[in-house]
Amino acid sequence: MSESLTAASSKTGVPEELLQRAAAARAEASGSTTEAVLEAWAGGEAVAPQPAAPSPQPAPETAVVEEDADADAVATPEPAAAVGTVDAIPEPAAPIAPAAALSRDSVAPVLTGRSDNPLVLVLGALGLLVLGALFGVLLPSLDISEARAAAIPGTTIEYSDTALEGREIYLQEGCWYCHTQQVRPIVTDADLGRVTTAALVATESSDTLGFQRIGPDLANVGAREPFNDSSTIVAYLRNPSAVVEGSRQPSYAHLSTDDLESVAEYLIETSEPYAPDDE
Amino acid sequence: MAETSPSDSAARANLFVALGFLVLAAGAWFVTQMKLAFPSFLEEAALLSYGRLRPLAMNASVFGWVTFAGIGAAYYLLPRLTGTQLIRARLANSWTYVAAAVAAVHVISPWLGFSEGRELLEAPWYLDIALIVALAVPTVLVTQTLLRRNEPTIFISLWYVVAGLYWLVGTLVIAVIPGLTSVASALQGAFAWSSLLGLWVLGLGIGLGYYVILRETDQPLFSRTLAQAGFWTLAVAQAWVGPVRLVYGPTPDWLETVAVTLSVALFVGAVAVAANYLRTLEGAWERVTQSPALRFTLLGMVGYLVIAALWSISGFRSVAAVVGFTQWWDGISYGIVIFTSLAFLTGFYYHAFPRLLGRKLHSEKLARTNLRLHVVGMGGSMVLLLVAGLVAGFTWAGGAYSGLVAPAGESFSATTHFVGLVWALLVIFGLVAAAAQLAFVNQMFRTFTSGAPAEQEILVSAAGAESSE
């Protein structure tokens, strides 16, 4: 026993004590002897599960079986990992709920069905992802490059250094989580000013387009009263409800005056060269 | 604690790390919901602003909780489904802590103000690359193990888990491609958002659901073909459907149309998966009453169906005109990451954790409480976010059509009165949701520390001589 145990332990890398108990459980499940199981494991062989003899204990069952009505399903009991079940401590364990679930783990999963090629799986999955990126990201970007070339003369925004700093703060503070900068050609957005097109924002950083309006759209905010004035925006960001009654905008008083002024400058410049009278 | 195999040690380490991220995410989600209802709450500090906490909650959920639970699940499943031990299991175990450190830095960087914009891609590009490297190692180890498997058939759970790891890493690689500006960059962000949530977060849950159902019921899978149909439907459609969130925006119309069309396939795939789950359960429904793992898995299935149905209809232009740019999409994101994925993963933890630890589940009663809190808290939060989106959308449209209220400037606050009530309710349900997550973590922690000894799986490679190192 000890030689086969040592050999199996060496072969499998599992401590002897655990291996012996696992082998005992395996032997009971397969109708074999512990010694035979250990010898098989030491030799790198599997022990096929055998029908359990009538016993008050529930017979171990195949744990995971795939069936495919379309496939020529052939049971493949081997090769399989031998899965031994042992108690964590020697004393008999009380039933664990669901008790049956744990006892079913005492045999190896045996799958039936076609043989799979993992490379097909990996390459197929990755290929579809890349295809989605090619047609969903890169191909449209070519269209948008054309839009960039055809950008409406005079609409390109030349941000000042202060405004660029403001845009960094806008990104850093996550303003875009609550504010979009894209006006849609639908009735809902009719009062929001100039519609945002790919050509219009061709030279813009897209990171500020946003996707959700918990607060209002800011694409043309600098062209609307009273926010067409930098000092008003700064005052609003410091104490929103003092400027707009009932506003749910949180205060950004924790930002420095310079930072607030940068953000205000950025918001005003995003609206240039648009003005409501242009429409 | 009983001894365990190196591969199970690696699985256990990852599952523990994931729980840590879940606690972080639970707290961040709750405070963000507080901030919606009470915007002046804790407004003195930048770190507690909505714009900082929202990415923390989402990133901790996706790149922390789900990702490490997924890696742990892969390490757990591989020996049990391939007939071979995990390759270089000790490296996998050690690497867990390296990857966790990288992920932690990645997750908290937007919270600290290092943000490049775009949901889930806020972290600076160099941290994205570090995360890609950190996640590439387990992906390679999993692949190597799969290539040396002894079972010729790869069970469908491994399809989702292995492909999911590649989708996760592949999406991050595509997302860091530089040079895209303007709308192209927005599309890059939409692609990444859709792929990460649909292919990784949701796909992982679906795959683990198959495993839990079969193991807990001891039933054979109803149809492998149907399972593959569900898998490939998700694989084909999901990477395309991100622009659905940008309908009517400056994105190309043809791309929006393709996205809307393919989003219908998402629901078809969900029906295939649900039908397979339910037909597999036939004759074993009594097990559902005995197994918390099964109950959570079925809850995840319901969430998957609901989310797929909502996503499928949201892109239709008549629907998008109302729900576009509203919190409807926040509801869908929350529904995927928290309600559905967490249900699937909780089911997996309830199944696997006791087996890994050699201990009984701490409390059946707590498991039932956990389920109720999950349904009420997270289900309620998801519904309220969807309702907030509908209310806002109809209010904006009504205001525009009547000419009474414009959703812009000073008058925007007039459109938020009723939404404000929904947000107030969201605080209550958010509190219940946080309690559900903490109840789950407590269940796992107590199972680890004081669960009664029970049977533990000891995996022995019989067919080969694979070294664990």
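A residue counts as buried when its relative accessible area is under 20%. Keep that cut-off in mind as you open this predicted model.

**Stop 1: Ser115(B)**

Select Ser115(B), in the loop that runs between α3 (89–108) and α4 (125–147) of chain B. Is Ser115(B) buried or exposed? Its relative accessible area is 12%, so it is buried. Now show what surrounds it. Setting aside residues up to four places away in sequence, Ser115(B) touches Leu171(A), Gln172(A) and Trp176(A) of chain A, along with Glu122(B). Zoom in on Leu171(A): the side chain of Ser115(B) reaches the backbone oxygen of that residue at 3.4 Å. For a sense of scale, draw a C-alpha to C-alpha distance from Ser115(B) to Ala73(B); the two are 30 Å apart in space and 42 residues apart in sequence.

**Stop 2: two loop residues with positive phi**

Stay in the loop between α3 and α4 of chain B and pick Leu120(B). With a relative accessibility of 1%, Leu120(B) is buried too, because the cut-off is 20%. Its phi is near 70°, a positive value in a residue other than glycine. Most residues other than glycine have a negative phi. Next, jump to Tyr248(B), in the loop between α7 (224–237) and α8 (253–281) of chain B. Here phi is near 80°, again positive in a residue that is not glycine.

**Stop 3: the cores**

Which residues have the most contacts inside the largest nonpolar core? Select Trp65(B), Ile206(B), Tyr210(B) and Tyr349(B); the core they belong to has 199 residues. Then centre on Tyr210(B). Beyond its neighbours within four places in sequence, its contacts include Phe155(B), Tyr160(B), Leu221(B), Val273(B) and Tyr277(B). Another core, of 9 residues, lies apart from the largest one; among its members are Ala23(A), Val37(A), Leu38(A) and Trp41(A).

**Stop 4**

Finish at the second largest pocket, with a volume of about 400 Å³. To find its centre, select Asp207(A), Glu116(B), Arg118(B), Leu180(B) and Ser185(B), which are the closest to it of the 22 lining residues. Which elements give two or more residues to this lining? They are α6 (161–172) of chain A, and α4 and α6 (182–217) of chain B. Colour the lining by residue type and you will find 8 nonpolar, 8 polar and 6 charged residues.

Methods. Residues numbered from 1 in each chain as written. Chains lettered and ligands numbered in written order. Heavy atoms only, no water. Helix = DSSP H or I, 4+ residues; strand = E, 2+ residues; numbered from the N terminus. Buried < 20%, exposed > 50% of the residue type's maximum accessible area, 1.4 Å probe, protein only. Contact = heavy atoms within 4.5 Å. Polar contact = N/O pair within 3.5 Å; in protein donor to acceptor, adjacent residues only side chain to side chain. Core = buried A, V, L, I, M, F, W, Y, C linked by side-chain atoms within 4.5 Å. 1 Å grid on protein atoms, 1.4 Å probe; cavity = no way out; pocket = protein on both sides within 12 Å on 5 of 7 lines; lining within 4 Å. Points joined across faces, edges and corners; volume = space filled by probe spheres on them. Nonpolar A, V, L, I, M, F, W, Y, C, P; charged D, E, K, R; others polar.
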